[in-house]
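Please look over the sequence and the model shown here before reading on.

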Amino acid sequence: MLSILVFLGLLAVIAAWWLAKQGIASKPWMEQGVAYDTREFSPAPSPAKIGFGVFLAVVGTLFALFISAYAMRMQLPDWRAPPIPQVVWLNTIMLILSSVALQGARTAARRDDADALKIGLAAGGLAALAFLSGQLLAWRQLMAEGYWLATNSADAFFYILTGVHGIHLLGGLIALASTGSQAWRGTPPQRLLLSVDLCATYWHFLLLVWLILLSVLIGWAGEVAAICRQLLT
Amino acid sequence: MVDVPLGPGTIIPAEIEDVELYHPKSWVTKYVFSQDAKVIAVQYAIVALSVGVVALVLSWLMRLQLGFPGVFSFIDANAYYQFITMHGMMMVVYVLTALFLGGFGNYLIPLMIGARDMVFPYVNMLSFWIYFLAVLVLVASFFAPGGPTGAGWTLYPPQAILSGTPGGQDWGIILMLVSLMIFIIGFTMGGLNYVVTVLQARTRGMTLMRMPLTVWGIFTASFMALLAFPALFVGCVMMLFDRALGTSFFVPSIVEMGQPLDRSGGSPLLFQHLFWFFGHPEVYIVALPAFGIVSDLISTHARRNIFGYRMMVWALLAIGALSFVVWAHHMYVSGMNPSFGFFFATTTLIIAIPTAIKVYNWILTLWRGDIHLTVPMLFALAFIITFVNGGLTGLFLGNVVVDVPLSDTMFVVAHFHMVMGVAPILVIFGAIYHWYPKVTGRMLNDTLGKLHFWVTFLGAYAIFFPMHYLGLMGVPRRYYEIGEMSFVPPSAHTLNAFITIVALVVGATQMVFVFNLIWSLRHGRVAGGNPWRATTLEWQTPETPPPHGNWGKEQPVVYRWAYDYNVPGAEQDFIPQNQPATNTLPLMGLAHA
């Protein structure tokens with residue numbers, strides 16, 4: 001359960017830092033009048049942004065838990081990790097490109113450049129679709145080689161981790177499609193800034209999650225953990 | 001009193017961003033698919049209380065078997081385990097969690113922080129309907145072939161998905177897992193709303209440290225639930241794969257009914273880790289809102305400012321954080337590494353410190369207070385006693401050496417029912433008696449309320465207190481029938497029959513409460529806006545019950561904390577949070593200090 005504890009520890013540090021800024025040590029019973037309200041000096045971000053931040057924390061928790069479960073299950077003697085299909089590397093490049101394209105869309109929206117925004121959104125969406133199709137291809141390759149869900153838990157984990165990640169990306173694609181259709185219907189880029197912003201952040205987040213998942217599935221994460229353990233003992 | 005001279009000379013209400021409210025146009029959008037947090041709260045409460053009645057009847061059936069074994073032919077071993085499982089899961093997840101967060105959270109958060117509604121009203125509505133769907137799926141398992149699952153509320157594999165367990169190879173376990181997953185998705189939508197509303201939609205002057213403790217409790221619990229429920233979700237997904245797709249996450253090499261199964265290598269312990277990583281925070285997800293609500297009930301009905309407000313907030317946060325590192329104290333007998341036991345016993349005992357701080361502060365709030373023994377106050381006081389009681393046996397069970405012999409006995413049943421069954425339900429009752437006047441505009445009947453209180457409070461002790469003794473004697477829990485065991489004296493059977501009779505009476509008395517809820521809707525005394533003369537914002541709404549949008553034209557402005565009761569020199573014995581500062585009370589701060 002180490003990975004989930006590390007992740008929650010990180011969240012706790014962020015929460016503590018934020019609470020410290022909110023006057024958590026003030027003495028409200030000594031105050032009267034409109035008290036020092038931090039929001040008057042630096043207005044809080046929009047509800048959508050805060051909500052999105054909390055949502056990312058929840059999704060992060062979900063993946064950290066899956067990785068914890070993976071790490072615990074892999075220590076049992078029957079564990080046989082499947083070979084990682086080569087296409088996964090191409091998929092990773094696609095996801096990186098997708099992220100880069102959406103970052104471009106974000107910059108375009110800030111510059112109020114409608115054409116660049118459309119190109120960025122379309123490229124990001126297509127690359128994400130290519131990633132998802134590539135993941136399905138990887139599944140088919142594994143199945144063709146005889147690594148089914150029930151063959152070994154390591155295989156099952158491959159399908160579950162990639163599947164859960166894919167479903168999250170699919171959800172993101174729905175939001176992206178809605179933003180894209182608005183951009184095509186001529187909504188000014190400034191008004192789409194928030195949704196483009198959130199999409200881009202979500203893509204970067206899912207890219208980070210994917211890179212971590214990949215390192216876990218390949219076994220790099222395990223090796224790093226083993227080295228750390230050796231250093232500590 | 002220290003005046004904080006930061007506001008401009010004239011105070012303009014509501015400078016923060018407003019929620020754009022969708023105003024309902026028809027009966028359906030006003031009462032069924034409503035986006036008003038208050039209507040959603042009532043919807044949550046009605047569904048959760050209905051599920052509670054079903055769970056109560058299930059506990060009756062269980063008690064009938066334990067009190068009078070063999071008398072009721074329709075309760076066989078399978079049915080008994082199904083009753084246990086559904087009773088536990090319904091009460092913990094679908095009643096307590098839904099009622100505290102979905103019910104009280106929705107009603108109280110926007111009103112208490114001076115907001116017009118939740119920040120995402122549409123998502124809020126979805127959250128309720130997804131919860132409702134989860135309940136339907138759960139209830140459907142009663143009618144599925146093979147009936148509901150009988151795996152115990154902890155759903156431990158591998159037994160949960162094997163044919164020896166009711167529902168294991170039928171639909172029962174599948175419907176349970178699917179229902180839980182739906183519940184978690186729905187809750188995440190609601191939880192995001194509660195957290196973001198507190199963070200973003202507080203009215204002007206409502207700093208975090210001016211929020212009533214009720215809001216702090218619900219806020220902290222919502223955040224915890226957002227981070228804890230994913231563990232259950234992961235466990236459910238993996239078990240569903242094990243059950244439906246033949247994977248071996250949790251199922252080791254096993255022989256079922258003489259046949260070796262086509263599985264190997266799975267780890268039942270892995271599920272237990274995931275389950276309790278959710279399960280222990282869940283205890284505090286239920287307890288923290290109760291802590292918050294009780295603080296407000298006690299302060300209001302003892303006409304006294306809460307003692308140690310800052311410490312109360314810090315304790316809530318500390319309990320919330322610590323509750324994520326104690327989960328394996330539920331697993332001392334699971335065969336995990338014994339040295340882990342030492343670690344988890346230590347963290348478990350540490351969590352007693354912030355909890356004890358809260359209890360002391362409640363008692364010090366009552367000290368020299370002007371205590372009004374109203375029905376909400378009676379329930380709040382009963383909560384303190386019951387929570388201390390259940391908490392103390394928790395200290396026993398938190399220690400490995402004591403837990404190992406007691407773990408599979410009725411002692412544990414007594415402990416967790418006291419601490420997370422009876423105690424939070426007492427708070428729920430107290431809170432309903434307290435806020436019903438705001439929800440409906442009418443008071444609940446006092447005489448019926450007192451009858452309900454005394455029977456419930458004394459009855460709960462008559463039911464659960466003797467169970468401690470049964471447990472110490474070694475009477476096992478989870479057994480369909482104890483039968484003749486040399487260490488179980490005949491008096492234990494008499495005690496079991498006694499408990500059953502009391503349980504039937506206490507359960508039936510809850511109908512008095514239900515009657516009161518319905519009768520008072522029309523015939524209750526008209527409450528007025530602020531019948532308890534309370535300081536917090538929900539009692540200062542221009543109309544009672546508050547309409548959609550809560551505040552009419554202008555949102556309130558907050559000038560003080562939530563606990564200005566019996567301030568020396570003040571005209572009344574309470575000063576509402578939205579009453580502007582005056583210069584006539586120069587020593588008020590000293591009185592509080």
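## Helix 4 of chain A

Helix 4 of chain A is followed by A:Gly146, which has a positive phi near 95 degrees. Helices (H or I, at least four residues) and strands (E, at least two) are DSSP runs, numbered from the N terminus. Helix 4 covers residues 114–144 of chain A, and its 31 residues reach 45 Å from first C-alpha to last, close to the 45 Å expected at 1.5 Å a residue; the expected span is 1.5 Å times one less than the number of residues.

A:Asp112 lies in the loop between helix 3 (87–111) and helix 4 of chain A. Its phi is positive, about 65 degrees, although A:Asp112 is not a glycine.

## Basis of the model

This is a predicted model, in which local features need pLDDT of at least 70, side-chain atom pairs count only at pLDDT 80 or more, and totals for chains, interfaces and linings use all residues. Residues are numbered from 1 along each chain as its sequence is written, while chains are lettered from A and ligands numbered from 1 in the order in which they are written.

## Contact between the chains

Chain B has 57 residues in contact with 41 residues of chain A, where contact requires C-beta atoms, placed from the backbone, within 7 Å. Helix 6 of chain B gives the most to the side touching chain A, with nine residues.

## Cis peptide bonds in chain B

B:Pro157 and B:Pro158 are joined by a cis peptide bond, with omega about 0 degrees. Another cis bond runs from B:Thr544 to B:Pro545, with omega near -10 degrees.

Definitions and conventions
Contact = placed C-beta atoms within 7 Å.
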